[in-house]
Amino acid sequence: MPFIPHTPEDVSAMLGAIGAASIEELFDEIPPALKTGQLKGVPDGMSEMAVARLMQERASQDGFWSGFIGAGVYEHHIPAAIWQIVTRGEFYSAYTPYQAEASQGTLQLIYEYQSMMTRLTGLDVSNASLYDGASALAEAVLMAVRSHKTSRRVLVPKTVHPIYRSVARTTVKNQNIELVELDYDPATGKTVLPANAGSFAGLVIPQPSFFGVLEDVHAMTDWAHEQGALAIALVNPTTLAVLEAPGQWGQTGADIAVGEGQPLGAPMASGGPYFGFMCCRQAFVRQMPGRIVGRTVDLDGKPGFALTLQAREQHIRRSKATSNICTNQGLVVTAATQYMALLGPQGLAKVASASHAGTVLLAEKLAAIPGVTRAFASPFFHEVVLKLNDSAKDVLRALRAQGILGGLDISGWYPELGQAILVCVTETKTAADLDHYVQQMERILSKRREAPPCAYKTTPSI
Amino acid sequence: MLIFDHSRPGRTAAAQFPAAGGSLDDLPAELRRKGAPALPEVSELDVVRHYTRLSQKNFSIDTQFYPLGSCTMKYNPRACNSLAMLPQFLARHPASPDETGQGFLATMFELQEMLKDVTGMAGVSMAPMAGAHGEFAGVAMIRAYHDAHGDTARREIIVPDAAHGTNPATATMCGYTVKEIPTDASGSVDLAALRAAVGPHTAGLMLTNPSTLGVFEKTIADIQKIVHDAGGLLYYDGANLNAILGKVRPGDMGFDVIHVNLHKTFSTPHGGGGPGAGPVGVAGRLLPFMPIPLVLNENGFYRLANEADLPQSIGRMSANMGNAGVLMRAYIYARMLGGEGMHRVAEYATLNANYLMARLREAGFDLAFPERRASHEFIVTLKKLKDATGVSAMDFAKRLLDYGYHAPTTYFPMLVPECLLIEPTETESRETIDGFVEAMIAIKREAETSPDLVKGAPYSLPVRRLDDVRAARELDLACKPAA
């Protein structure tokens, strides 16, 4: 029996000790009418060998691609050591560290993670992580509203990832909180601060934005503070090796920093598991959701680590908890902690600058092709919005036929941009990869110019 | 020693660096960082050795028996990990077109279908990333359903007093007030109290069955009728699904919405606190409100459903599709078990729990509900021992660590004094359980003869008992760089 060690002798001896005639008798408190017969939707069991064959076939079916999609999830090199250690049974199969004495490995690791995140963001404290970047943003919105005495409005620029905005809406909509969208300047792609915003609890400041564009974070932070609101930084951890830390934004720094932790050693893996990070100033620590680890001492005065500030949490506070969350993304944080240690300040800066330089180079080469233009005349980090004078969907499909995932079609989310794609380059791309992309783009666009697809065949823009 | 203590200026793990960096001169100076972040500067061996040593300071299923009640700490098959980490699966970007992920999407679709069958629900969405996240989705759907019917006076969620803390916390996040109802002497929902609690304000009842007291709610049919007759919906917290997997389906018990903790019942790793996965299943009337995305099968082509497919959806819960890699592991586990294997999970989990309960009873331990069957878990109360010796459930739990066993869940559920909630799971052998019983007997004897020994435990772990009060009062949440 897969994963069940009992021999027939065990079963009869155990039933004897219980005083039951059969295993079925142990279910005698369940009303017979409720009992399930055979499961019809679950196929027969398979051996490990057979499942391995099945999964390998499916993996091969999906194959490998030359990818230039970013949009919040980035292809970075992941050192081999990381996941070998993450999947050691002592990390992989441990529970939430409630029994601190038996969990010092996990607890110390989280403390080190929290330390690294505060150093990266320039803020005082970090929690042990949340589900992902989008849910971390939603929690930051709730935190801003809890911290603000009067307003239940939070300003969210349209330059924030559309799906992040959608997740924030799902999370807060039943709590009488209003999310107000801010427009961007069509020339620069940067957020425009409204002349009269009314009272609000927080302003979300993405850096870089969904467009890859660098926002004027100092001015935005100061503006939020002048209005009596919290400044919520939404940042990419890789870029923080070289971009100003949120704790240093404006006159007094952002109050909360959140973002997607995936770039720090998590594989893209069709969407997860990743983790959301959250750091804040000391003053807001009791408003922070999620697990937090603290350093303390044991009975002998020896240093040790334990979960702390649990009075915020659901298992103590129940309906008055800061959030219902009771997990962190432990294993992925285990990966991220090692990633930050292996890369260090030098390595992370190199990853960031190589990604930036690659994107600049690709954007220049692509924008030199007739029919391709940059959407915004602003500095960008490692993603860029390109406008096409052709169907983005069709061009991306043609690139796909050459093994290239050429970017993300964002025309549906931002119809005002026309046919537009968001393109990302990371340090994993070689000069040959970029050249291949440029050549194929050139060939596809010129071919389509010379022999345009029949009108009835063109895909209407979404 | 922290990783920072290994750091030396200029030391690197250079093999991990890209060959060349690039210029940042085109970026405005005021947006660039003035000084490098004080991350550790260490070698690759430093990192490998440091974190390998840290791992050795953990208890885990792979190294110890872990009878943690309500957590289902069963063996996590290794193949689930290695096959979910095939390189093509890891390399796939979540925003890749569906055409490039038919292998992945087929896997997700089939898992969705299997979960529908084992839960007896009409639809499943795998968007939620943990049990509590699934609870949020479920209660948000209950609210969306009532709102869609103009039934906006329903603003109360009823929760038994033995429920997990996530239940009331979730209800609050969905804008509901919480009404707690008591448990009767046999550990069941107090039907009279439930009847008195329901009414035109009732949005729904959240219930775990078997309950957190380790017993099956025998009157589930009555509970179901009372709530539905009052116009409320019934939420199933899947925390204890391992006890009835393949034996009883929540859908057949009349539940309208359910979440499944894949990190419990489907053996995906707990990972020191996550990542989990909390798919939600719904009855027919809640289908339009399911969170997106979910996977559709259109004549053999698999694609992710979006806002246009489900305009009444409660919306998105993650930037992508939940914890996809966790879902992969659950799928692989489910395929290895098959339909028969699912039945066996509940059967042997229940056999092990009842055997362990019988042995502990025989050894003189008090059961919280001695007249009931154990489900996959049961409660021992040490109240008498505490009164006689001063040794608490916490002391007892800490002493178990010295004996090489992870402690059971302590002080939950809160209504049983000095309780140990014990769940052995189906993957443990009779010998392991017998060894645990011997340790329990030995500690009981220690408590009776030398209580201070037990009160001072543990002695053999990397640290002794930690000062939680100091941790909360003198907050040290991050190691600051030397100025």
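This note sets out numbered points on the contact between the chains, the nonpolar core and the domains.

1. Basis of the model. This is a predicted model, in which local features need pLDDT of at least 70 and side-chain atom pairs count only at pLDDT 80 or more, while totals for chains, interfaces and linings use all residues. Residues are numbered from 1 along each chain as its sequence is written, and chains are lettered from A and ligands numbered from 1 in the order in which they are written.

2. Contact between the chains. Chain B contributes 170 residues and chain A 165 residues to the contact; two residues are in contact if their C-beta atoms, placed from the backbone, lie within 7 Å. On the side of chain B that touches chain A, the largest share is the 22 residues from helix 10 (residues 324-362) of chain B. Helices (H or I, at least four residues) and strands (E, at least two) are DSSP runs, numbered from the N terminus. This side of chain B has 88 nonpolar, 48 polar and 34 charged residues. Here Ala, Val, Leu, Ile, Met, Phe, Trp, Tyr, Cys and Pro count as nonpolar, Asp, Glu, Lys and Arg as charged, and the others, Gly among them, as polar.

3. Nonpolar core. A nonpolar core is a set of buried Ala, Val, Leu, Ile, Met, Phe, Trp, Tyr and Cys residues joined through C-beta atoms within 7 Å; a residue is buried if 20 or more other C-beta atoms, placed from the backbone, lie within 10 Å of its own. The largest such core has 316 residues, and those touching the most other members are A:Leu137, A:Val141, A:Ile232, A:Ile256, B:Met141 and B:Tyr235. Helix 10 of chain B gives the most to this core, namely 23 residues. Apart from neighbours within four places in sequence, A:Leu137 is in contact with A:Tyr164, A:Ala168, A:Val204, A:Leu234 and A:Val258.

4. Domains of chain A. Chain A is assigned domain 1 (66-71 + 344-457) and domain 2 (80-338), with bounds from an automatic or database domain assignment. Their C-alpha centres lie 30 Å apart. Domain 1 of chain A gives 19 residues to the contact and domain 2 of chain A gives 15 residues. Helix 10 of chain A gives the most to the domain 1 side, with 6 residues. That side has 15 nonpolar, 3 polar and 1 charged residues.

5. Domains of chain B. Chain B is divided into domain 1 (79-337) and domain 2 (340-464), whose C-alpha centres lie 30 Å apart. In chain B, 20 residues of domain 1 are in contact with 19 residues of domain 2. The domain 1 side of this contact in chain B divides into 10 nonpolar, 8 polar and 2 charged residues.

Methods. A residue is buried if 20 or more other C-beta atoms lie within 10 Å of its own, exposed if 12 or fewer, and partly exposed in between; C-beta atoms are placed from the backbone.
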